[in-house]
Amino acid sequence: MGGAGAAAVTSPVVAGAVIVRAGRALLIRRASPAGALLWSFPSGKVEPGETAAEAAAREAQEEAGVTVEPLVALGSRIHPATGWRVVYVACRLLSGDAHAASPREVAEVAWAPVGRLSGYVPGGVYGPVQEYLDGVLSH
């Protein structure tokens, strides 16, 4: 069985909100790590009918309690720790004090110095995201 007519199993598409303030990037520490991934940008599954930008903004609100404006998609990849497709979206912080807004999902939040993200993210930050962060810091 499982010939050409079988439905393909697809992994979820996840949107990550890349939010920078004063040389620091907002990270969340997951209550339940996804593989080796403990710290990440606020992120979650893109819901049906939702764009990656909309999902990134929603997840920033749901997970970290901040309101953001999506600016631009920075790129996407299959995440090496989870195997999920992640679309990274640069977002501008509009309001809110970051906190663990969803204790079931988020253990804590941190404004991590952009130059030290490799200490939080195993395997380093995705290249196009790092380029964006470097560009933000140079202004």
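Guide: We will go from the overall fold to one helix and then to a few single residues.

Visitor: Before that, what kind of model is it, and where does the numbering start?

Guide: This is a predicted model, in which local features need pLDDT of at least 70 and side-chain atom pairs count only at pLDDT 80 or more, while totals for chains, interfaces and linings use all residues. Residues are numbered from 1 along each chain as its sequence is written, and side-chain values use heavy atoms, with hydrogens and water left out.

Visitor: How many helices and strands does the protein have?

Guide: There are two helices and seven strands, where helices (H or I, at least four residues) and strands (E, at least two) are DSSP runs numbered from the N terminus. Read from the N terminus on, the order of the elements is β-β-β-β-α-β-β-β-α. The radius of gyration, taken over C-alpha atoms, is 15 Å, close to the 14 Å that the globule rule gives for 139 residues, so the protein is as compact as a globular protein of that length. That rule is 2.2 Å times the number of residues to the power 0.38.

Visitor: And what are its dimensions along the principal axes?

Guide: The C-alpha trace spans about 55 × 30 × 25 Å along those axes. Of the 139 residues, 39% count as buried, a word that here means under 20% relative accessible area, with exposed meaning over 50% and partly exposed in between (1.4 Å probe, protein chains only).

Visitor: What share of the contacts comes from residues 24 or more positions apart?

Guide: Among contacts in the protein with a separation of 6 or more, residues 24 or more positions apart account for 65%, and a contact means heavy atoms within 4.5 Å.

Visitor: What span should its 13 residues have?

Guide: At 1.5 Å a residue, helix 1 should span 18 Å, and its end C-alpha atoms are 17 Å apart, which agrees; the expected span is 1.5 Å times one less than the number of residues.

Visitor: What does Arg58 touch?

Guide: Arg58, which is in helix 1, is in contact with Lys45, Glu47 and Glu50, leaving aside its neighbours within four places in sequence. Glu50 itself is found in the loop between strand 4 and helix 1, is buried with a relative accessible area of 19%, and touches Lys45, Ala55 and Arg58, again not counting residues up to four places away in sequence.

Visitor: What comes just after helix 1?

Guide: Gly65 comes there, with a positive phi of about 70 degrees, in the loop between helix 1 and strand 5. Gly65 is buried, with a relative accessible area of 14%, and, leaving aside its neighbours within four places in sequence, is in contact with Ala60, Gly96, Asp97, His99 and Ala101.

Visitor: Which residue has a positive phi although it is not a glycine?

Guide: Ala22 does, at about 50 degrees. Most residues other than glycine have a negative phi. Ala22 lies in the loop between strand 1 and strand 2 and is exposed, with a relative accessible area of 76%.

Visitor: Last one: is Pro113 buried or exposed, and what does it touch?

Guide: Pro113, found in strand 7, is buried, with a relative accessible area of 18%. Leaving aside its neighbours within four places in sequence, Pro113 is in contact with Gly23 and Arg24, and the C-alpha atoms of Pro113 and Gly23 are separated by 6.1 Å although these residues are 90 apart along the chain.
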